[in-house]
Amino acid sequence: MGRAAGDWQPAGWNVPRRDPFFVGRGALLRRLHRELHPRGAGRAAGPGRDADRGRAVGLVSARGAAGMGVSRLAVEYAHRHAGDYGLVWWVAADTPERAESCLAELAAVVAPPAAGPRAAVLRRLWAELGQRSDWLLIYDGVGDPRALAVVAPPDSGRLLVTSRGPAVATLTPVLIEVGDLSRDESVLLLRQHHRGISPPAAAALAGALADVPCAVALAGRHLAVTGQPVADYLALLGRAAVTDPRAVTDPVAAAVAASRTRLDGVDPGPAALLDQLAFLAAEPLALTRAPAGTAAAAGRLDRLGLADWDGATIRVPGHIQALVRARLAGGRRAAALLGAQQLLVRADRAGRDPVDPASWPALAPLASHVRALTTRGAEERNAEEENAEECPEFRRLVLRTARYLAASARYEAGEHLAHRARLRWCRQLGPDHPDTLAAADLEAAIRADGFADYDTARALLGDVHARRARVLGGQHRDTLHSAWNLARAAADSGDHDESARLLRDTLDRQRAVFGPDDRDTLRSAHSLGHALTRLGEYGAAHDLLAETLARRGRTSGAAHPDTVWTAAVLGVALRGLGRGAHARDLHARALAGARARLGDEHPLTLFAALHLALDLAALGAADAGRDLFTELIGWDVVGWRDDPPAGPRAWITRWAQSHREDIRGLWSTQDSQRC
């Protein structure tokens, strides 16, 4: 038996706060503990293995729907039995991406460093957990368990999985159904929330809500906050059933509809905020820069049980979001969508550079909400709402988010966001609108950088450049930016002479209009230097890149990715000039800086590693170069594939394919071939 609940937590612990109104479920909690710790298995007090290790249990909703309190039961178990484990970690497992992110946070705690390819980080984590049996991982909200195969833990500890359906049987052999509360438990829960409810009235209300835990809890909170008599609340439930057919068969939908309907009449501020949050991700959103009164509205939603508010961030559970969204139509739905845009615009700080890793911690949570609003919202809107124009500030935020996703090597997500935005804005604003063209320009750049789809990128960029030149003129910043992008696409397609020609023309125009230290000017200078290295014009490339490196260092800082990129390409020119030792030193510094700020799975890191390996080969240490490169990129990627696998690492295989000749050169280099 563990220590008393709440008096101790393991060193590794991230479990959400427990519900202070949790009632009953004693038999379920005891059974769960028996399944995880069968009689005769001792307490796992530290590293080592139990005689009975590898226990896995699934908690599933008996109705296959939200509202049974499956997650709350898992939270309560973790708090009650914290003393039975040396490590308890909560993993949001609704998607593989979120699960991997949570596990990377765990790796930083128990198996540092948490740097390197995500697959390597997980391997180190599993190796560490495989040596101990004192841990419990809780995978919460599993949808399709097949998608979680890549994050299946070792069998040395305990795994608790929560889900709405029995499909999780593929992850765990033991399933415990979580159903309704007993009537006595429902009455107790209602009276814990509001002592003024009489037992008979509480029993009547519990019966009307079918003893569904979430519905009963929402009703209890509603009555405690509003002071409404039970009879009036029952009447409110009846009206909700008339306006929302789901409320007839779904007690949670009825309870949400009742609270939402009352808010409409007496407190429209929280009602509008709830509608807006319903279109965002089921993750915390900072409201620190929201208008006056927003915090008070968030607090009221928290007291009603419709949201979780900690004084700075707010989160609405996913099943409540879905119920609220389904009730909105017409003008109210359009107003909620617009309000959700404005919430995100206020949460953003527009001055952040989406390419700079220093901005990424602030942009990451916003990205989830932007993606939810622009994808889920579009799928559920009717044609009129889908064609409604978005506010200009939100369009800029969408573009910044897509740039951040691409800059952090999340190419699939960035391309999807930019592509959807281009199509939507083309309908709403027209094909020549600056925002439509900006989305097309960005989509094309991501297609080239992350998908090696150079033909599509070049065709799209050609159209963007022609439209911008016609609408804005040849000297406009946006026109020159698309000319730079078009030149890059030409180089990626192997047309290096055309790329260099376009870049020289673009660079001359930018220097004349914006000056030599302008960021766009320096971007074109860098790309021209890179094009010259591909043409073998190393002397000209060296002079241009050295000047660009100095200017970027002054304007952006030595650690900025733009500066490090130029240093890495300058190293290529140095090696071409026979200055292998200088190239090696420059690439080593570039690699260290890229790994520290961008991680191992970033194109700049991979580029610097490849060229450091080539430097070593040129200096007679080909084996060391090959070892360095394959340790970073992974042996599985070096093997060429005509059809790269899907998933987060697919772009790395595509990157390796686009650098095939350099990588082959590294393997064909002999130590005897020295500079």
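This is a predicted model: local features need pLDDT of at least 70, side-chain atom pairs count only at pLDDT 80 or more; totals for chains, interfaces and linings use all residues.
A residue counts as buried when its relative accessible area is under 20%, as exposed when that area is over 50%, and as partly exposed in between. This cut-off applies directly to Ile446, which counts as buried because its relative accessibility is 2%.

Ile446 belongs to helix H19, which spans residues 434-451. Once neighbours within four places in sequence are set aside, Ile446 is in contact with Ala402, Ala406, Tyr411, Gly414, Glu415 and Phe451.

The protein chain as a whole contains 31 helices and 9 strands. Of its 675 residues, 53% are buried. Contacts between residues at least 6 apart in sequence can be sorted by separation, and 68% of them join residues at least 24 apart. The accessible surface of the chain is about 27500 Å², with 52% of that area belonging to carbon and sulfur atoms.

Among the strands, S5 (residues 158-163) may be considered next. How many of the residues of strand S5 are buried? The count is 6 of 6, so the strand is largely enclosed by the rest of the structure. Arg158, Leu160 and Thr162 point one way from S5, Leu159, Val161 and Ser163 point the other way, and all are buried. In general, the strands of a sheet pair through backbone hydrogen bonds, in either a parallel or an antiparallel manner. Strand S2 (residues 55-61) runs parallel to S5 and is joined to it by 6 bridges; within this pairing, Val60 stands opposite Ser163 of S5. Strand S4 (residues 135-142) also runs parallel to S5, with 5 bridges between them. There, Tyr139 has Val161 of S5 as its bridge partner.

A separate topic is the open sheet of 3 strands, whose order is S7-S9-S8 and whose pairing is antiparallel. Strand S7 (285-286) and strand S8 (308-309) stand at the edges with a single partner strand each, so one side of each is left without a neighbour in the sheet. S8 and strand S9 (residues 313-315) run antiparallel and are joined by 2 bridges. The bridge partner of Asp308 in S9 is Arg315.

The helices can be followed through their packing. Two packed helices are described by the angle between their axes and by the distance between those axes. For helix H5 (residues 183-193) and helix H7 (residues 213-226), the axes come within 8 Å and cross at roughly 30 degrees. Angles under 35 degrees count as roughly parallel, and H5 is therefore roughly parallel to H7. Their crossing is right-handed. On the H5 side, the residues that meet H7 are Ser186, Leu189, Leu190 and His193. Their counterparts in H7 are Pro213, Val216, Ala217, Ala219, Gly220, Arg221 and Ala224.

Helix H25 (residues 561-576) and helix H26 (residues 580-598) form another pair, with axes that come within 8 Å and cross at roughly 155 degrees. Angles over 145 degrees count as roughly antiparallel, and H25 and H26 are therefore roughly antiparallel to each other. The crossing of H25 with H26 is left-handed. H25 contributes Pro561, Val564, Ala567, Ala568, Leu570, Gly571, Val572, Leu574 and Arg575 to the contact, and H26 contributes His582, Ala583, Leu586, His587, Ala590, Arg597 and Leu598.

Two alanines in loops complete the picture. Ala210 lies in the loop between helix H6 (199-208) and H7. Its phi is near 60 degrees, a positive value in a residue other than glycine. Ala409 lies in the loop between helix H17 (392-407) and helix H18 (411-429). Ala409 is likewise not a glycine, and its positive phi is about 70 degrees. Which description, buried or partly exposed, applies to Ala210, and which to Ala409? Ala210 is partly exposed because its relative accessible area is 27%, whereas Ala409, at 8% relative accessibility, counts as buried.

Definitions and conventions
Residues are numbered from 1 along each chain as its sequence is written. Side-chain values use heavy atoms; hydrogens and water are left out. Helices (H or I, at least four residues) and strands (E, at least two) are DSSP runs, numbered from the N terminus. Buried means under 20% relative accessible area, exposed over 50%, partly exposed in between (1.4 Å probe, protein chains only). Contact means heavy atoms within 4.5 Å. Accessible areas come from the Shrake-Rupley method with a 1.4 Å probe; for residues, only the protein chains shown count as cover. Two strands pair if DSSP finds at least two bridges between them. Axes are lines fitted to C-alpha atoms, for helices over the stretch in contact, and angles run from 0 to 180 degrees between N-to-C directions. Angles under 35 degrees count as roughly parallel, over 145 as roughly antiparallel, 65 to 115 as roughly perpendicular and the rest as oblique. A crossing is left-handed if the near helix is turned anticlockwise from the far one by less than a right angle, and right-handed if clockwise.
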